[in-house]
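Take a look at the chain below. The paragraphs that follow start with its strands and end with its core.

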Amino acid sequence: MRQSPRPPPRPGEKFERLTVQSIGVRPVHGRRQSVAVCLCTCGLLCEVPVAALRRGAQGTRSCGCLRREKASALGLRLKYGRAKALARKRARVEAKQLRAEWYPSEAA
Ligand SMILES: [Zn+2]
């Protein structure tokens, strides 16, 4: 077993929106994984695997708000009404499917 030669991120180190608060180890799927507790610029604390922080441009650089903001900015400008209409339609279809599934068992 080889350990990563790179030292873990230090508290105070920044990864775009995330500032490392502390480093810990937690078991993930039976293995010990290094995680960094990070404070995002949006004010949320989140736990990010150290490996994900190190992935550079493809890595984790926010608590998730970066992606949410991008999606909602696109949605608001281009497709808000349509997305809403699609969601409503989907909800109706799902409700219909649920009724179809549950009605027989309720009647039995
Ligand atoms: Zn955030």
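Two strands count as paired if DSSP finds at least two bridges between them. Helices (H or I, at least four residues) and strands (E, at least two) are DSSP runs, numbered from the N terminus. The model is a predicted one: local features need pLDDT of at least 70, side-chain atom pairs count only at pLDDT 80 or more, and totals for chains, interfaces and linings use all residues. Residues are numbered from 1 along each chain as its sequence is written.

Begin with the overall plan. The chain has two helices and four strands. Along the sequence, they follow the pattern β-β-β-β-α-α. The four strands form an open sheet in the order β1-β2-β3-β4, with antiparallel pairing. β1 (14-15) and β4 (45-49) stand at the edges, each with a single partner strand, so one side of each is left without a neighbour in the sheet. In general, strands of a sheet pair through backbone hydrogen bonds, either parallel or antiparallel.

Now walk through the sheet. How many bridges join β2 to β3? There are ten, and the two strands run antiparallel. Val25 has Ser34 in β3 as its bridge partner. The two strands form a hairpin with two residues between them. In that turn, His29 has a positive phi of about 50 degrees.

β1 and strand β2 (residues 18-28) pair in the antiparallel sense over two bridges. Here Phe15 stands opposite Leu18 in β2. The loop between β1 and β2 holds Glu16. Phi of Glu16 is positive, near 55 degrees, and this residue is not a glycine. Most residues other than glycine have a negative phi.

Strand β3 (residues 31-40) pairs with β4 in the antiparallel sense over five bridges. Leu39 has Leu45 in β4 as its bridge partner, and Cys38 stands opposite Cys46 in β4. Four residues lie between the strands of this hairpin, where Gly43 takes a positive phi near 105 degrees.

Then ask what is inside and what is outside. A residue is buried if 20 or more other C-beta atoms lie within 10 Å of its own, exposed if 12 or fewer, and partly exposed in between, with C-beta atoms placed from the backbone. Buried residues make up 11% of the 108 residues in the chain. Why is Glu16 partly exposed? Glu16 is partly exposed because 14 other C-beta atoms lie within 10 Å. Arg10, in the segment before β1, is exposed because it has 10 other C-beta atoms within 10 Å. Arg10 and Ile23 are 13 residues apart in sequence, and their C-alpha atoms are 7.6 Å apart in space.

Last, the core. A nonpolar core is a set of buried Ala, Val, Leu, Ile, Met, Phe, Trp, Tyr and Cys residues joined through C-beta atoms within 7 Å. Which residues form the largest one? The eight are Phe15, Leu18, Val20, Val35, Ala36, Cys38, Val48 and Leu53. β2 and β3 each supply at least two residues of this core. β3 gives the most, with three.

Contacts complete the picture. Two residues are in contact if their C-beta atoms, placed from the backbone, lie within 7 Å. Leaving out residues up to four places away in sequence, Cys38 touches Leu18, Thr19, Val20, Gln21, Cys46 and Val48. Among contacts in the chain between residues at least 6 apart in sequence, 23% join residues at least 24 apart.
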